Amino acid sequence: MGPDPSYHPARDHTLYLSYSAGFKGGGFDPRGVTTACRNPQGAACSPAELFDFMGFDPETVNSYEAGYKASLAGGQGSIGLALFHADYRDVQVPGSIGTVVGGVPTFIGITTNAGKARFQGVELEGRWTLGRDVGAGGDRLAVSGSLGYINADYLRFIDARGIDVADRRKIQNTPEWTLSGTLDYSLPVGPGTLGFNTTLSYRSKTQQFELRIPGLDQAGFALWDASLIWRSDDDRWSLGLHGRNLTDKRYITSGYNFLRQNPDTGDFVLANGQPGLNSTLGAEGVLTAFYGNPRQVYMTVGLKFR
């Protein structure tokens, strides 16, 4: 084993530094269709062009992280701070396009490689016990939270026109900001403990794909969850009442777009490039959004067998 990459300036305090390298193997898109390949002149592809059309290269990453962790006030609280930086090459970018195969409108998968990308940011998390015996004997009140910031950018992204569009592309489903806060309260009730917790979480705006898609990309939003759970002292039995997305927020998690877009702005355009709606799949085109779960309220009963 190598040396410990951490340093302890004091008891219950740790500084660390780490480096890692990884890769994601290349391959051929399983949803690709060879007959959809066309060379720049519109003719059928040569074997070499077909290989490039169907295949994608391995993705590699070099990642660095530095951080600080501490237990505070004799275990009453804790804190963690991490700074990270990652350099990606040949980023694998999955996608779908509308086409016609054998006279039938359909869509096919195309996975491409973006040349370079960089992820860097900071993560902060903490927990603190606010008090014990606050309102009743044996109870406990605590708070915890986290904050994340990430700057994720393409540094090189050559599109089908041979143009570097890195400054006009975003990393899929990567919010710049994430926040979360939780309040926990527990107290003895009968032969067990009754616990209440509620969490408010937030994530900033995201794009479903590298190119912005009006009507499909998701603005920043917050979700509110809460639970009330009783657990027996021997931890065999539990009974819970849970609420998820209590404000019934509508938010998009994924989707498909088969409407023609301006390759630089993402605006919907006609075949001549003027503003308008024009299909790339079938007669009318498709813009489909999939949403997260609506408000849910449910009960759980648990029994552990030993």
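I began with D267, which forms a salt bridge with R212, the closest N and O atoms being 2.7 Å apart (a salt bridge is a side-chain nitrogen of Lys or Arg within 4 Å of a carboxyl oxygen of Asp or Glu). D267 lies in the loop between β15 and β16 and R212 in the loop between β12 (192-203) and β13 (221-232), so the pair ties together parts that are 55 residues apart in sequence; strands are DSSP runs of E, at least two residues, and helices runs of H or I, at least four, numbered from the N terminus.

I noted that the model is predicted, that local features need pLDDT of at least 70 and side-chain atom pairs pLDDT 80 or more, while totals for chains, interfaces and linings use all residues. Residues are numbered from 1 along each chain as its sequence is written, and side-chain values use heavy atoms, with hydrogens and water left out.

I then looked up R161, which forms a salt bridge with D159 at 2.7 Å between the closest N and O atoms and another with D264 at 2.9 Å. R161 sits in the loop between β10 (140-156) and β11 (177-188) and D264 in the loop between β15 and β16 (287-291), so this pair ties together parts 103 residues apart in sequence. D159 is buried at 15% relative accessible area, whereas R161 is partly exposed at 40% (buried means under 20%, exposed over 50%, partly exposed in between, with a 1.4 Å probe and protein chains only).

Next I checked N257, which lies in strand β15 and is buried at 12% relative accessible area. Its side chain makes a polar contact of 2.9 Å with the side chain of Q261 (a pair of N or O atoms within 3.5 Å; within protein, one must be able to donate a hydrogen and the other to accept it, and residues adjacent in sequence count only if both atoms are side-chain atoms).

Last, I looked up the largest pocket, which holds about 1,900 Å³ of space. Of its 49 lining residues, the closest to the centre are S96, I97, I110, T112 and A160, and β15 gives the most to the lining, with five residues. For the record, a pocket is an open set of points on a 1 Å grid over the protein atoms alone, where a 1.4 Å probe fits, with protein on both sides within 12 Å along at least five of seven lines, and lining residues have an atom within 4 Å of a point; points are joined across faces, edges and corners, and the volume is the space filled by probe spheres set on them.
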